[in-house]
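Please open the model in a viewer and keep the selection panel at hand. The stops below are to be taken in order.

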Amino acid sequence: QVQLVESGGRLVQAGGSLRLSCAASGRTFSSYVMGWFRQAPGKEREFVAGMWWSGASPYYADSLKGRFTISRDNAKNTVYLQMNNLTPEDTAVYYCAAGPSTSAYNHWGQGTQVTVSS
């Protein structure tokens, strides 16, 4: 059974940084794509960043390039999302996801809350 467990969300001031973690278990993810999504209050869930577990080039939502970085640690089976220069508009629940393709994320974590104060 696939499990994705996010952590690292908290209250942070604008301009600050956070690193979110996603611990993955339950299968071999070597052929999977891992992604981060977020959902702000009253808004639809949106894509943030993704990368193939194999290490192929990561990709980002255009609006977030340069501030957010996705990475993974094979030994820990963990995917990270480094977020810098945060703004109140980054306030959202952040979700980790996994799937066999970039159009088929079929496993989701429970989410972690990020709140950025002005």
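Select Glu46: this residue is partly exposed, its relative accessible area being 36%, where "partly exposed" denotes the range between buried (under 20% relative accessible area) and exposed (over 50%), computed with a 1.4 Å probe on protein chains only. The model is predicted, so local features require pLDDT of at least 70 and side-chain atom pairs pLDDT 80 or more, whereas totals for chains, interfaces and linings use all residues. Residues are numbered from 1 along each chain as its sequence is written, and side-chain values use heavy atoms, with hydrogens and water left out.

Arg38 counts as buried because its relative accessibility is 8%.

Next, select Arg67 and Asp90, whose side chains form a salt bridge at 2.8 Å, N to O. Arg67 lies in the loop between E6 and E7 and Asp90 in the loop between E8 and E9, so this pair ties together parts that are 23 residues apart in sequence. Arg67 is buried at 17% relative accessibility, and Asp90 is buried at 1%. Display the two pairs together: Arg38, Glu46, Arg67 and Asp90 are linked in a network of salt bridges.

How many salt bridges are there by this rule? The count comes to four. One of them joins Lys65 to Asp62, with the closest N and O atoms 3.4 Å apart; here both Lys65 and Asp62 are exposed.

Now turn to the strands, which are DSSP runs of at least two residues (E), numbered from the N terminus. Select residues 33–39, strand E4, and residues 46–52, strand E5: they pair in the antiparallel sense over six bridges, pairing being assigned if DSSP finds at least two bridges between two strands. Within this pair, Val33 stands opposite Trp52 of E5. The two strands form a hairpin with six residues between them, and Gly42 in the turn has a positive phi of about 75°.

Continue from E5 to strand E6, residues 59–60. These two strands also pair in the antiparallel sense, over two bridges, and Ala49 has Tyr60 in E6 as its bridge partner. Their hairpin has six residues between the strands, with Gly55 at a positive phi near 105°.

Select Cys22 and Cys96 next. They are joined by a disulfide, S to S 2.1 Å, the term denoting a pair of cysteine sulfur atoms within 2.5 Å. Cys22 lies in strand E3 (residues 18–25) and Cys96 in strand E9, so the link ties together parts that are 74 residues apart in sequence. The angle about the S-S bond is -75°, and the link of Cys22 and Cys96 is left-handed. Both cysteines are buried. A search of the whole structure finds one disulfide.

The final stop concerns backbone angles. Most residues other than glycine have a negative phi. Select Asn77, in the loop between strand E7 (68–73) and strand E8 (78–83): although not a glycine, Asn77 has a positive phi of about 50°. This residue is partly exposed, at 26% relative accessibility. Then move to Asn85, in the loop between E8 and strand E9 (92–99). Asn85 likewise has a positive phi of about 50° without being a glycine, and is partly exposed with a relative accessible area of 47%.

Note on methods: Helix = DSSP H or I, 4+ residues; strand = E, 2+ residues; numbered from the N terminus.
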